[in-house]
Amino acid sequence: EVFTMPNNVNMTDHQKEVICKIIYAVETGGQVYGNCRYDDFTEAYANTSNETAITIGAGQWYANEAKRLLQLIKDTDPATFKKLDTEGIGADLAKNWSNYRLSKSSDKAKCIQKIINSTVGRKCQDKLVADQMDTYMEEAYTLGVRDVAGMMMCANFRHQGGYGAMKRVIGKTAKPYTLETLYAAVCTDNVPNQVGMYKSRQKFVYENLKKYIVNYKDNSNIVVEEVWKATGTKVCNKETTNVYKTAVKDTIIGQIKLNNRVEVNGRVAGPYTKVNVTNGIGIG
């Protein structure tokens with residue numbers, strides 16, 4: 001979870017704008033690119049019987065993610081939040097929102113809508129969705145996706161269905177992982193009430209990524225290659241240690257022996273450390 005992509009993978013301003021507009025469009029914009037409802041408020045159970053709390057905003061933040069958005073607004077502009085908070089929403093932020101339920105017609109719900117639809121509320125929604133897409137693309141990177149549009153497609157899977165859905169679709173995708181192969185894979189995903197069942201959504205995301213990323217004039221859909229920058233070295237303290245291609249233990253690319261020294265770049269993923277083995281094995 002703490003694994004981060006190299007600096008040259010960070011989204012450009014254009015890429016951030018595209019993925020945010022796409023996510024907003026499929027969540028609250030009626031699948032119209034550029035459309036969204038910043039003041040959206042969805043009651044618990046309105047979408048499925050499993051949703052035990054409210055969902056709010058253009059990006060459809062649910063339960064404790066809804067709380068996270070409101071806390072971000074409060075932290076960003078305390079004065080505006082205090083002025084708009086006429087119903088004690090700030091006090092509610094101390095609670096667990098897993099089962100936070102309100103009627104849409106209630107004063108508290110209307111207060112939340114005013115807060116999230118304010119100027120600072122809209123800015124915080126844009127920031128939160130961009131930050132989440134960054135994180136989700138990093139997760140896709142750890143699972144072997146290097147194509148930028150492909151990582152964005154995966155971020156869409158992750159936002160809608162969670163990490164398990166993203167990992168499942170990548171797992172059934174033919175290599176190399178690209179926008180095309182990932183879209184083909186999600187079209188075969190038939191887990192009930194999961195990402196593959198939302199055909200029109202996935203087609204919309206695919207077509208707009210193809211239009212605004214793959215075929216965009218700045219040629220921003222590059223295949224990412226990591227540039228190694230060593231920050232130090234480590235010594236193997238076991239008789240034999242496997243070196244994997246990625247931190248998901250998918251492919252062994254070699255082994256190192258007791259007292260072998262390897263370069264490190266300071267990045268870890270769970271119990272795994274990113275290394276560069278200079279005897280021909282390479283980065284793993």
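Modeller: Helices (H or I, at least four residues) and strands (E, at least two) are DSSP runs, numbered from the N terminus. This is a predicted model, in which local features need pLDDT of at least 70 and side-chain atom pairs count only at pLDDT 80 or more, while totals for chains, interfaces and linings use all residues. Residues are numbered from 1 along each chain as its sequence is written, and side-chain values use heavy atoms, with hydrogens and water left out.

Colleague: How do I read a helix pair, and at what angle do H6 and H7 cross?

Modeller: In general, two packed helices are described by the angle between their axes and the distance between the axes. For helix H6 (residues 119-142) and H7, the axes come within 8 Å and cross at roughly 110°. That makes H6 roughly perpendicular to H7.

Colleague: Which hand does the crossing of H6 and H7 have, and which residues make the contact?

Modeller: A crossing is left-handed if the near helix is turned anticlockwise from the far one by less than a right angle, and right-handed if clockwise. H6 passes H7 in a right-handed crossing. H6 brings Gln132, Met133, Tyr136, Met137, Glu139, Ala140 and Tyr141, and H7 brings Val148, Met151, Met152, Cys154, Ala155, Arg158 and His159. Sorted by class, that is 10 nonpolar, two polar and two charged. Ala, Val, Leu, Ile, Met, Phe, Trp, Tyr, Cys and Pro count as nonpolar, Asp, Glu, Lys and Arg as charged, and the others, Gly among them, as polar.

Colleague: And how far apart are the axes of H7 and H10?

Modeller: They sit 10 Å apart, with helix H7 (residues 148-161) and helix H10 (residues 199-214) packing at about 150°. That makes H7 roughly antiparallel to H10. The crossing of H7 and H10 is right-handed. Among the residues in contact are Met152, Met153 and Phe157 of H7 and Val205, Tyr206 and Leu209 of H10. The classes for H7 with H10 come out at nine nonpolar, four polar and one charged.

Colleague: Which residues of H1 meet H7?

Modeller: Gln15, Ile19, Ile23 and Glu27 of H1 meet Val148, Met152, Asn156 and His159 of H7. By class, that contact has four nonpolar, three polar and one charged residues. The H1 and H7 axes come within 11 Å and cross at roughly 35°, and H1 passes H7 in a right-handed crossing.

Colleague: On to strands. In what order do the three strands form an open sheet?

Modeller: Two strands pair if DSSP finds at least two bridges between them. Here the order is S1-S2-S3, with antiparallel pairing. Strand S1 (41-42) and strand S3 (61-62) are at the edges with a single partner strand each, so one side of each has no neighbour in the sheet. Strand S2 (residues 55-56) is joined to S3 by two bridges, and Thr55 stands opposite Tyr62 in S3.

Colleague: One last one: how far apart in space are Val235 and Asn259?

Modeller: 5.4 Å, C-alpha to C-alpha, though they are 24 residues apart in sequence. Val235 belongs to strand S4 (residues 232-235). Setting aside neighbours within four places in sequence, Val235 contacts Asn259, Asn260 and Arg261.

Methods. Axes are lines fitted to C-alpha atoms, for helices over the stretch in contact, and angles run from 0 to 180 degrees between N-to-C directions. Angles under 35 degrees count as roughly parallel, over 145 as roughly antiparallel, 65 to 115 as roughly perpendicular and the rest as oblique. Contact means heavy atoms within 4.5 Å.
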